[in-house]
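Biologist: Please put the model up, then we can go through the chains and the salt bridges.

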Amino acid sequence: MKAMLIKDWKLMKGQKQFIFILCIFLAVFGATSNNLGFLISYMTLMATIFSISTISYDEYNNGMVYLLALPISRRKYVEEKYLFCLLTSLIVSAVSLMVTLGIGIVRSTNATSEDLVLSAAAALGMGALICGFMLPIQLKFGPEKSRIAMAVMGAAIFAIAYVMAWIGKRMGTDMENVLQNFNNLSEGVIAVGAVVICLAVLLISIFISVHVMEKREF
Amino acid sequence: MIEIRQLQKNYQDFHLDCSLRVEDGMITGLAGKNGAGKSTTFKAILGLIRADGGEVEVFGKKVADLGKKDREQMGVVLSDSGISEYLTVEDLIPVMKNLYTKFDEKSFRERCERFNLPCHKKIKDFSTGMKRKLQINLALSHEAKLLILDEPTAGLDVSAREELLDMLREYMEPGDRSILISSHIATDLEGFCDDIYLINDGKIVLHEDTDVLLGKYGVLKVTEEQYWKIDRKYMVAVRKEEYGYRCLTNEKQFYLENYPDIVIEKSGIDELILMEKKEK
């Protein structure tokens, strides 16, 4: 697995232009904006999506066939990809947090350390969810078709939410009240709930991805 | 090293039905025209496709049961695929070190120099020949017991091909190693392999030791009249030509001795492939 982690790290490092643009964004936004929480989220999510794109580099020019002819099992490939993407999210959110904390001290912004830590944790959770949804789609449909699949999935989620709201209304349930009830939950319950949801999504996603890869023919 | 028993694979317009063996210490060639089933056979050996029937064993184990250690004993060159082209050769070294316990960095770097492979250039900017040389270098870099080489000489010029074949001969020196190789360049196989399988439309149509193939096989060029007069029992394939018939025989000597007036030429693998393309 270490070999594949190194490969993905080298692939990401090779995309200097993208990293450069992210650094520029971090510098400009950090110097001018007061919304440092957004900066953490943006950096983390961009890095997560970037790390997921290493699958496209693996697939480029039929490269996946060669990779799987090496001493790498399909299961290990999937596990490594999740580990790599989550590690990237974790490292970038941690670095962004450090940088924004530094900016907060230098510029005396109104964002508290607690707010920034919460933003980093939320960004990390979002990163995990993005990995959970995008990785199986990327592995199943490849870099080209997965864009269409993502759009279809987005539309499906919207449609499901709409239908649920409509059914709720018909049954006399006020969705605003339901959402308000969520807001009334304690921070501890929300945090634990978020962690449980992220872990559940990731575990189901890994299971699906392993299944997709083991079924795939090259 | 490799044993394939009645491997079956069905695609919409193609059916593979293949049996072959690669013995310890032997170099076995797989020849055939494009689309004959060579790459499909290689992919089945590497577990990249699921067989619809039959068995494929490598090192005495079913392909699905091969572990990491077994896979480390295999070096691979694939005709239509390679390592991620967004990496550089320098990037590959730590990857290979962590992938293969016996990765020999020194000899890998030496071969990079010998092949003029730049270490800091992205592989996607390499020429076709350079990409092929890199794959071969990677396959030779970890003391594999078995090399599976699908068209390793494609894209190489004559001198690079000779250099590669010499390196593969050196690789075979310990005596306990084997190679399964395919090539559309027949002379590569003729001068290199111990035995050759010929595959056509997904079926193995011929298996012979290379010496037998080159020594006993020949091409008869006969007129229509001669064709009907001569004994045709040793003819393997026949093709109609403007002057009469072009016949492939596996008993060249028989015709040399009994029919001194007909034209008999040497046969090679190219001839076999060409004849298989036409009517039998």
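Modeller: One term to begin with: a residue is buried under 20% relative accessible area, exposed over 50%, and partly exposed in between (1.4 Å probe, protein chains only). This is a predicted model, in which local features need pLDDT of at least 70, side-chain atom pairs count only at pLDDT 80 or more, and totals for chains, interfaces and linings use all residues. Residues are numbered from 1 along each chain as its sequence is written, chains are lettered from A and ligands numbered from 1 in the order in which they are written, and side-chain values use heavy atoms, with hydrogens and water left out.

Biologist: How much of chain A counts as buried?

Modeller: 41% of its 218 residues. Of the contacts in chain A with a separation of 6 or more, 80% come from residues 24 or more positions apart; a contact means heavy atoms within 4.5 Å.

Biologist: Which residues form the nonpolar patch on the surface?

Modeller: M1(A), L83(A), L87(A), L90(A), I91(A) and V95(A), with about 500 Å² of accessible area together. Patch members have over 30% relative accessible area and no salt bridge; nonpolar side chains (Val, Leu, Ile, Met, Phe, Trp, Tyr) are joined within 5 Å, like charges within 9 Å.

Biologist: Where is L83(A)?

Modeller: In helix α6 of chain A, residues 74-107. L83(A) counts as partly exposed because its relative accessibility is 36%.

Biologist: Salt bridges now. How many over all chains?

Modeller: The search of the whole structure finds 33, each a side-chain nitrogen of Lys or Arg within 4 Å of a carboxyl oxygen of Asp or Glu. In one of them, the side chains of E59(A) and R216(A) meet at 3.0 Å, N to O. E59(A) is in helix α4 (residues 54-59) and R216(A) in the segment after α9 (187-215), so this pair ties together parts of chain A that are 157 residues apart in sequence.

Biologist: Are E59(A) and R216(A) buried or exposed?

Modeller: E59(A) and R216(A) are both buried.

Biologist: Over to chain B. What does D125(B) meet in a salt bridge?

Modeller: K124(B), at 3.9 Å, N to O. D125(B) is partly exposed at 43% relative accessibility, and K124(B) is partly exposed at 32%.

Biologist: What about E251(B)?

Modeller: E251(B) meets K216(B) in a salt bridge, 3.4 Å from N to O. That pair links distant parts of the chain, 35 residues apart: E251(B) is in the loop between β13 (244-249) and α10 (252-258), K216(B) in helix α8 (residues 210-216). E251(B) is partly exposed at 25%, and K216(B) is partly exposed at 38%. Elsewhere, salt bridges that share partners join E3(B), R5(B), R21(B), E23(B), E55(B) and E57(B) into one network.

Biologist: Last one: why is helix α1 of chain B largely enclosed by the rest of the structure?

Modeller: Because seven of its eight residues (38-45) are buried. Among them are K38(B), F42(B) and K43(B). After α1(B) comes G47(B), with a positive phi near 75°.

Methods: Accessible areas come from the Shrake-Rupley method with a 1.4 Å probe; for residues, only the protein chains shown count as cover. Helices (H or I, at least four residues) and strands (E, at least two) are DSSP runs, numbered from the N terminus.
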